[in-house]
Amino acid sequence: MASRIHLNLRFKMMFNLGCYILGILGMSLISYNDMETTEDKIGILELAYSLNNIILEARRYEKNYLLYNEAEAFEENGRYLAQARDTEKAILATGGKLKIAPILEELDRQILSYGETMQSLSRQEDRTTAAYAGIVDLLREMGKGMTEKAEELVAFERGQIHSNLNLLKKQLIAWSSLAVALGVVMPILLVFGIFGPLSVIKNATADIALGRFNRIQVINTRDEMQQVMEAFNTMVRELERRQDQLVQSQKLSSIGTLTAGVAHQLNNPLNNISTSCQIALDELETGDLELLQRMLKNIDQETLRARDVVKGLLEFSRVQEFSLRTAPLAETVRRAVRLVQSQIPADIALRVDIPDDLVLPMDTQRMQEVFLNMIINAAQAIGNRGTITITATADDQAGEAIIEVRDTGKGIPREIQGRLFDPFYTTKEEGQGTGLGLSVVYGIIQKHQGHITVESSPGEGAAFFIRLPLATGLTTATTA
């Protein structure tokens, strides 16, 4: 199996930047080469213009010679023809495979033939003969062809320069468009390759701050970003495990708090059982079966009462998987109230007003822990005298159950309300609380895909509002 290639971000960025620079350099070199070619073409065009002027001068002296038969005109004609050939050689000396080489070769042949015809004409002594007239006509015809060929050379080079300039314009537009496209595409790739995953991580981090430990989908970038996303998911798994440990720690703390209350609750039925047994033993000799039956029935009832107390504590302390089941909310709250009843001072009234038909998908054990923590927290906020009220209504339009836990305590200052659900944050004196109760409540509510808020003003008590979904649609097998 082929090993996966991992490229770090620095290499990717340097590689993209290097490709961009090499592309710009390549475009610059190509454009520079085309400009040099154009410059060479301009030099050839100047020589072509010079060659055309030289041929025109040679033709001018040809006319003077034909009109005045001056030896000087003949010599000047020959000198200009020699200069024309030198100019041709200068054009060919520019190097490279010139497209005008065939035109120059043809022009050179015409110049040689023209020069030979001039020589032949100069040897004619009698200008009145038909032979002389024929040579003159031929000379003029050759001169005309030579001039046309020189003009063709100029026109050809001019066309070449225009073509090169048009090519340079097209290249400039193409290179500029390509540079702009690369300048747009590369940042977009950078955004998708770096800032895209970072945005996903940022959003997931915000969810963690809200208590939602959602793992992110790892993008196969094969670089540090993929490693960061994998590490992030590892961190989320560890946070989930630590949160479960916090929940269990708080549960153990709550069990410790409840133990004294459970002992007190067990003391009453045990006293009743003991008393009933003593009466039954004393009355055993009298044979009063009705009294004995009543005492045994009382013993049975008190035994069941003690069993229910112990059963409630065992169910609360048992570690089990997070599992959503439809259950009546009122019954869950009443179980929590029974567990914590003995821990509430006698002068604190605890009122529950929840419809018996309000049924929710929930983990009853964990929701029982929510209400237990909320009741203890409210009782501690009240102190000696007050009222704790738990109510619930169904908001069918929003698809939520709205649960309110209100107390008549001293209230919560506004500046600390945002920190109430932070782990280990507490306003109680040292040794009076762990600071985990409301944090655990928050985590359990979030696990039920609900949310909890608080409204309070100093001196006016506090009200906690819990919103839980009415419909089932949640995962039902999450390990605690």
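This is a predicted model: local features need pLDDT of at least 70, side-chain atom pairs count only at pLDDT 80 or more; totals for chains, interfaces and linings use all residues.
One lies within helix α4 (residues 130-209), where Glu152 and Lys149 sit 3 residues apart, about one turn of the helix. Their closest N and O atoms are 3.2 Å apart. The two partners fall into separate burial classes: Lys149 is buried, at 17% relative accessible area, whereas Glu152, at 36%, is partly exposed.

A second salt bridge, with an N to O distance of 3.1 Å, pairs the side chains of Glu400 and Arg467. This pair links distant parts of the chain, with Glu400 in strand β5 (residues 400-407) and Arg467 in strand β7 (residues 462-469), 67 residues apart. Glu400 has a relative accessible area of 19% and counts as buried, because the cut-off for that class is under 20%. Arg467 is partly exposed, at 28%.

Glu404 and Arg406 also meet through their side chains, at 2.5 Å from N to O. Here Glu404 is buried, with 17% relative accessible area, and Arg406 is partly exposed, with 37%. Elsewhere, salt bridges with shared partners connect Glu331, Arg334, Arg335, Arg338 and Asp356 in one network.

With a relative accessible area of 42%, Ile21 is partly exposed, and so it passes the patch requirement of over 30%.

Methods:
Residues are numbered from 1 along each chain as its sequence is written. Side-chain values use heavy atoms; hydrogens and water are left out. Buried means under 20% relative accessible area, exposed over 50%, partly exposed in between (1.4 Å probe, protein chains only). A salt bridge is a side-chain nitrogen of Lys or Arg within 4 Å of a carboxyl oxygen of Asp or Glu. Helices (H or I, at least four residues) and strands (E, at least two) are DSSP runs, numbered from the N terminus.
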